[in-house]
Amino acid sequence: MSGSLKKAREPWFAVRRELSPQRSSVLTIVSFALPLLIWAAVSYLPFLWHPDVQLQLSANRADVSTVYVAGDRVSKSYFPEFQEAVRSQNEDLKKQLSSDDPLAGASESSVRRANKKVLRHLVPLLIQNKWIKDDQATDDEAIYHAWGELASSSRRLKSPSLSEENLAIVEDNWKAMSAIAPNYVSDNFVSTPLLSLIPQGKTSNPDYLPAPDQVLAAGVKVFSIPADGDRPSMVQRIGHSLQIVFGGFCLAALVGVPIGVVCGTYPFFSRLVEPFTDFFRYMPAPTFSTLLVAIFLANDAPKIALVFVGTFFQLVLVTANTTRRLDMPLLEAAQTLGASQRQLLTRVVVPGILPNLYDDLRILLGWAWTWLVIAELVGVKSGLTEFIETQGRFRNFDMVFPIIILIGLIGFFTDQILSLIKGLVFPYTEDGTKAASHPILKAVLFIPRLVLRLLTNRSASGTT
Amino acid sequence: MTPPTDILDYRTQSPEVSARFSKLKERPVVLSVKNLTKIFPSQNGDVTALNSIDFEVYRREFMCVIGPSGCGKSTLIRILAGLESETSGAVLLDGNPVAGPGPDRGMVFQSYTLFPWLTVKQNVLFGPKMAGQKGATVESEARQWIEMVGLSKFENSYPHQLSGGMKQRVAIARALANRPRILLMDEPFGALDAQTRCQMQSYLLKIWKNLDITILFITHDLDEATYLSDRILVLKANPGEVDEIIEVPVPRPRTVDQFVSPEFIATKHRIDELIHPKNKGGDDELHFPRMTKEGDDVE
């Protein structure tokens, strides 16, 4: 049988069985692609969610004080009610027009003012269809001209288009307008009431979930804003945020690592320091923010101090634990080889824990990142968080998302790079062997390694 | 297991072996253990791990310590190394009492204790460096030790690149580089596979032959003890006490072929008798129910 010679297919699901490298990389890609796909699907497939209607064309309701303009979102359930209200308003208006008193007691100038508003209701559609430019939103002559074109069907709005219902209203209104003057004249504008356009819109997600393309466009825009007076550019903001994260973290590491190592080495210091540290770390760092401002005043000092408070106590305990995890036989072997107490600390404990300490610090750097947002809200808001805060308050969530993603990316790539170079820093670990065969590192290190080999060969031949 | 009837008396020594032992006992005593007792205090009362142990090791002697599990052989060697303190009694090295660990007693552990961040050469140089020795002579000496354990090609390798056997060879070289008076070995080949272990035993005998070094070696392997030792210190458990010190009648130089010699078998048989007494536990007390059909016999 030919089937019996076939290699059995490796199962995708098997308890604790390693996947092949190809499968692993496929899954890594999918792990990033999947959330993106879900986000895109929810954004672009209207039937999945889209609980709101985003207005392309709005209208004023005479008896309702809330004013919606094009671009605003209303709930799907309210939208038909909104349209119906404007329709019945138009019906009433038509009755009024055919009555004896078409102005219903209003003055001609106030009707004319209201009519000019109706004239401009088409503006968002005209801009989107590129009939007029962004800066022509108040250019009534051009808008008037567009009404004429629409009414005579010489041009049609394509995307978004105008509903048949609204086209009929445009024609009706144009009859009234063109009867007065073929071109727009401010003083000679129609003074009998014009019909309102019926609101038009397309279903959409709430503003807090912008679509990927909107976020991307906003991201590009956000980064191209230059520095302006006391408003820093995005690159400057990132620099400032990095300064706070790394400032607080490095300070914590500088003080915390030695204390942790000493605690892990001498039970005396462990008993003296760790119980209080253990208690202190349960007090959330943000609760100290006002205190820190009082001590360190404004600017960056209290922010760095907050990242410090948030990481330092964890760092001491983690370092102490890592130090305690050092293989006892290594210390015993060193003693039988004649190492003194001081030498045990400097020649065995410290070099022995470095690789694990490196991993600990990598994880704690991640913690430091989580404190960043709170730190930047302390005292005078600053950096990336200040931008998120401001934009969020204006509900410009498409501007907020690029920054959130950016913070994620910086943290993720810092960690990836640190993990990649671990093997270079510690060639004697398993990571070291992996690093030696890593394609990217191989390429980067080719020249230095060649130089090193030439040098060592020379010195070897020199001694023999 | 019924004892074979044709087993030699392990006390029977050929004239050459007998002469070797009388010469050995004329040598100076390197390590002397006097009335050594170790008691571990615990909540359920004190546990006596070692009870008045007395023995002496002569210069350039190879002595193995063997015993059932829990007889305190590891505790004994840790006290000798200074890693644990005795409750009473004394340990004398060249007649001087020892206190705490020191480079005069080299130790090879069962677990791999090479410093992972140091290369093979740096590991071997660790002891001399702790003593403040540096320079070209120390380096070239270290190279010699590495050459002696056959790892010259690997002097710049890191421990994680070596096999288990290679690691233990480096550990031996590292301990010897300190020029200790005695080499203490705590089941050093226990974690190795059978073939590597056999190879390591031969290596160790060669090294021992060519050096002025006394070795105290802990094992639970009867073959290993018999193959390596001049004398075997048999401990019994609960409490750990010296049961007997056996003079191994197998002539030197030792070879693997001697594993089936009458002297070898006699020695092993005696150790087995001591550490697996017939009346206490053993195969006889186990009950095996028959779970196969009649007529489907394999014997």
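How far apart do the C-alpha centres of domain 1 of chain A and domain 2 of chain A lie? The legends below describe close-up views of a predicted model.

**View 1. The domains of chain A.** Chain A is divided into domain 1 (52–204), domain 2 (221–426) and domain 3 (430–464). Between the C-alpha centres of domain 1 of chain A and domain 2 of chain A there are 58 Å.

**View 2. Helices α13 and α15 of chain A.** Helix α13 of chain A covers residues 341–377, and helix α15 of chain A covers residues 397–425. Their axes come within 10 Å and cross at roughly 175°. An angle over 145 degrees counts as roughly antiparallel, and α13(A) and α15(A) are therefore roughly antiparallel to each other. On the α13(A) side, the residues that meet α15(A) are A:Pro355, A:Tyr358, A:Asp359, A:Arg362, A:Leu365 and A:Trp369. The residues they meet in α15(A) include A:Ile407, A:Ile410, A:Gly411, A:Thr414 and A:Asp415. Also among them are A:Leu418, A:Ser419, A:Ile421 and A:Lys422.

**View 3. A:Thr385 in helix α14 of chain A.** A:Thr385 is found in helix α14 of chain A, which spans residues 383–393. With a relative accessible area of 3%, A:Thr385 is buried. Leaving aside neighbours within four places in sequence, A:Thr385 is in contact with A:Leu372, A:Val373, A:Glu376 and A:Leu377.

**View 4. The six-stranded sheet of chain B.** In chain B, six strands form an open sheet in the order β6-β7-β8-β3-β9-β10, with mixed pairing. Strands β6 (105–108) and β10 (241–247) of chain B are the edge strands, each pairing on one side only. From one strand to the next, the twist averages 20°.

View 5. Strands β6(B) and β7(B) pair in the parallel sense, over four bridges. The bridge partner of B:Arg105 in β7(B) is B:Ile182. From β6(B), B:Arg105 and B:Met107 point one way, while B:Gly106 and B:Val108 point the other way. All four of these residues are buried. In a regular strand the side chains alternate between the two faces of the sheet.

View 6. Strand β9 of chain B (residues 231–236) runs antiparallel to β10(B), and six bridges join the two. With β3(B), strand β9(B) pairs in the parallel sense over four bridges. B:Cys64 has B:Ile232 as its bridge partner in β9(B). Five of the six residues of β9(B) are buried, so β9(B) is largely enclosed by the rest of the structure.

**View 7. Helices α2 and α6 of chain B on the sheet.** Helix α2 of chain B (residues 73–81) lies across β3 (62–66), β6, β7 (182–186), β8 (214–218) and β9 of chain B. Helix α2 runs at about 150° to β7(B). Helix α6 of chain B (residues 164–176) also packs on the sheet, where it touches β6 and β7 of chain B. The direction of helix α6 makes about 170° with that of β6(B).

View 8. A disulfide is a covalent bond between the sulfur atoms of two cysteines. With a cut-off of 2.5 Å between the sulfur atoms, the count comes to zero disulfides over all chains. B:Cys64 is in no disulfide, and its nearest cysteine sulfur, that of B:Cys71, is 13 Å away. B:Cys64 counts as buried, at 0% relative accessibility. B:Cys71 counts as buried at 0% relative accessibility.

**View 9. B:Val47 in strand β2 of chain B.** B:Val47 has its place in strand β2 of chain B, residues 47–58. Its relative accessible area is 43%, and B:Val47 is partly exposed. Not counting residues up to four places away in sequence, B:Val47 touches B:Lys38, B:Ile39, B:Phe40 and B:Ser42. B:Met130 is 83 residues from B:Val47 in sequence and 37 Å from it in space, C-alpha to C-alpha.

Definitions and conventions:
Residues are numbered from 1 along each chain as its sequence is written. Chains are lettered from A and ligands numbered from 1 in the order in which they are written. This is a predicted model: local features need pLDDT of at least 70, side-chain atom pairs count only at pLDDT 80 or more; totals for chains, interfaces and linings use all residues. Side-chain values use heavy atoms; hydrogens and water are left out. Buried means under 20% relative accessible area, exposed over 50%, partly exposed in between (1.4 Å probe, protein chains only). Two strands pair if DSSP finds at least two bridges between them. Axes are lines fitted to C-alpha atoms, for helices over the stretch in contact, and angles run from 0 to 180 degrees between N-to-C directions. Contact means heavy atoms within 4.5 Å. Domain bounds come from an automatic or database domain assignment. Angles under 35 degrees count as roughly parallel, over 145 as roughly antiparallel, 65 to 115 as roughly perpendicular and the rest as oblique.
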